[in-house]
Amino acid sequence: MIKAVVDNDMCIGCGMCAAQSKTDAIQMKMNQFGFYTANVSETDTDTDKCNDDCIKVCPFNPKPDDKVKTENEIAELFLTEASNHHNKMGRYINTYAGYSVEHRLTSSSGGIATYTLTELMRRGEIQHVISVKAGPNTAHYQYTISSSIDELASAAKTKYYPVTLADALKDINKLDGKVAIVGVACFIKAIRLAQVYDPIFNDKVGFLIGIICGGVKSTFFAEYLASKAGAPVSGFTQPEFRIKDHSSTASDYSYGCLDKDDNQLTIKMRKVGDMWGTGLFKANACDYCDDVTTELADLSLGDAWLEPYSSDGRGTSVLVTRSNLAEDIIKAGIANGELVIDELPEARFLASQQGSFNHRHDGLAYRIKIGKTPLDAIPPKRFTDTSLSPLLKIIHRLRIATRKMSLLVWAGSKESHVFDHKMQRSLYWLKFFTRISHYQRAIIRRLKKVL
């Protein structure tokens with residue numbers, strides 16, 4: 001049941017259950033830790049029927065049907081054109097790195113998502129795009145529908161902010177034509193599940209772009225960064241998470257927002273510290289996700305965290321094509337000069353996401369073993385090896401504790417200097433053991449080369 005998913009802190013807030021509900025028995029609401037979660041009516045007479053149907057489209061359904069047991073089975077239903085397969089990245093046609101000449105500078109990385117969506121509209125493959133744009137000041141961002149190429153520009157750039165598909169998908173069947181949807185792995189999985197169980201919905205979805213994700217962040221993340229930049233937590237607007245420095249490296253970006261007097265405030269993210277490897281402000285469900293590369297999308301996109309691309313502050317994307325349409329758009333863009341793209345060997349692509357593989361795949365079974373989430377609340381997983389070194393086990397325990405603590409501390413006192421003080425010891429030890437682990441891996445790599 002949906003309520004059990006929520007009660008076990010496994011709801012990611014995608015809103016697909018609410019969108020598929022034939023009644024108003026499920027509503028998406030923000031919880032006390034800044035995440036959207038499904039709220040199930042206790043009084044609606046149709047709640048039981050709704051729960052039975054809606055749990056099937058939940059990406060964290062602990063007991064899925066065999067035909068959609070894991071991402072592998074779902075991919076077999078939708079990505080039949082992809083002849084290559086790797087257990088860490090799923091089915092695929094090709095892997096690339098590059099950027100859109102037109103859209104690069106106005107995007108978080110290489111502008112490939114905006115380019116692809118524009119091409120899909122120009123070709124008539126889709127007529128609408130559901131993606132994340134600026135919302136009311138109280139929400140900052142939300143999923144909205146774009147029905148023209150001109151409307152797509154405002155959806156560029158990555159937003160590390162919780163959103164839900166519920167409202168945007170409620171009326172999808174009223175739209176004329178096909179729809180493309182942009183989302184992170186769990187949201188893309190929810191969409192694929194809805195396609196399996198809802199033929200009408202399946203007919204409306206024309207293309208999926210998957211954003212390679214390091215974890216869904218709470219609203220607390222934007223609040224903390226605003227506070228660090230000098231803005232009041234209750235009065236900032238227009239948070240922008242990836243302000244590029246074109247003269248520097250790809251990782252040397254800034255966070256920015258407006259204060260209540262509309263003054264632009266920014267802070268370099270390198271001054272803030274590691275917001276990703278530490279798991280700060282991340283959803284619990286993310287620690288039980290093993291889809292690093294948005295395996296179920298037609299086209300998967302992420303940052304090219306490898307040289308020479310990471311040295312270019314203008315931004316570069318890694319791409320995984322998984323359908324013939326996605327492959328054709330990329331190939332055509334290369335041919336006409338609108339895309340500057342290199343073919344990226346499989347091993348190089350895997351290296352660009354190595355940190356996520358280390359955490360999400362190698363440490364998954366151990367986190368399941370020691371975590372507080374009941375085993376019967378966790379969906380079937382594909383990575384089951386618990387043989388970590390003692391050092392890595394310490395790191396995973398510290399990450400679990402740090403993630404949870406960050407939410408509790410910020411909920412209690414929404415001031416960055418208070419948060420930094422209370423988190424200092426936990427972050428110190430996590431950084432200490434992580435650094436030792438990096439040294440250890442470097443030594444092992446050198447020894448392998450010598451031997």
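Colleague: Which helix gives the most to the lining of the second largest pocket?
Modeller: That helix is α16, with 5 residues. Helices here are DSSP runs of H or I with at least four residues and strands are runs of E with at least two, all numbered from the N terminus. This is a predicted model, in which local features need pLDDT of at least 70 and side-chain atom pairs count only at pLDDT 80 or more, while totals for chains, interfaces and linings use all residues. Residues are numbered from 1 along each chain as its sequence is written, and side-chain values use heavy atoms, without hydrogens and water.

Colleague: What makes a residue part of a lining, and what makes a space a pocket or a cavity?
Modeller: A lining residue has an atom within 4 Å of a point on a 1 Å grid over the protein atoms alone; a cavity is a set of points where a 1.4 Å probe fits but cannot get out, and a pocket is an open set with protein on both sides within 12 Å along at least five of seven lines. The second largest pocket has 17 lining residues, and N284, K372, I400, R403 and K404 lie nearest its centre. Both α15 (364-370) and α16 (390-412) supply at least two residues of this lining. The pocket holds about 350 Å³, the volume being the space filled by probe spheres set on the points.

Colleague: How do the residues of that lining divide by class?
Modeller: They divide into 5 nonpolar, 4 polar and 8 charged. Ala, Val, Leu, Ile, Met, Phe, Trp, Tyr, Cys and Pro count as nonpolar, Asp, Glu, Lys and Arg as charged, and the others, Gly among them, as polar.

Colleague: How many cavities of 30 Å³ or more does a search of the whole structure find?
Modeller: The search finds 5. The largest cavity, of about 100 Å³, is lined by 17 residues, with S108, R242, A250, D303 and G315 nearest its centre. Its lining comprises 5 nonpolar, 7 polar and 5 charged residues. The second largest cavity has about 80 Å³ of space. Of its 13 lining residues, C11, C14, C17, C58 and P59 are the closest to its centre. Here α1 (2-7) and α2 (16-20) each supply at least two residues, and α1 provides the largest share, 3 residues. By class, this lining has 11 nonpolar, 2 polar and no charged residues.

Colleague: Why are α10 and α17 described as they are relative to each other?
Modeller: The axes of α10 (219-229) and α17 (416-450) cross at roughly 110 degrees and come within 9 Å. Angles of 65 to 115 degrees count as roughly perpendicular (under 35 is roughly parallel, over 145 roughly antiparallel, the rest oblique), and the two helices are therefore roughly perpendicular. Y224, S227 and K228 in α10 meet S416, F419 and D420 in α17, where contact means heavy atoms within 4.5 Å. These contact residues divide into 2 nonpolar, 2 polar and 2 charged.

Colleague: Is D262 buried or exposed?
Modeller: D262 has a relative accessible area of 56%, and exposed means over 50%, buried under 20% and partly exposed in between (1.4 Å probe, protein chains only); D262 is therefore exposed. Its phi is near 65 degrees, a positive value in a residue other than glycine, and D262 lies in the loop between β11 (254-258) and β12 (264-268).

Colleague: What does F281 count as, by relative accessibility?
Modeller: At 0%, F281 counts as buried. F281 also has a positive phi, about 60 degrees, although it is not a glycine, and is found in the loop between α11 (269-272) and β13.

Methods: Axes are lines fitted to C-alpha atoms, for helices over the stretch in contact, and angles run from 0 to 180 degrees between N-to-C directions.
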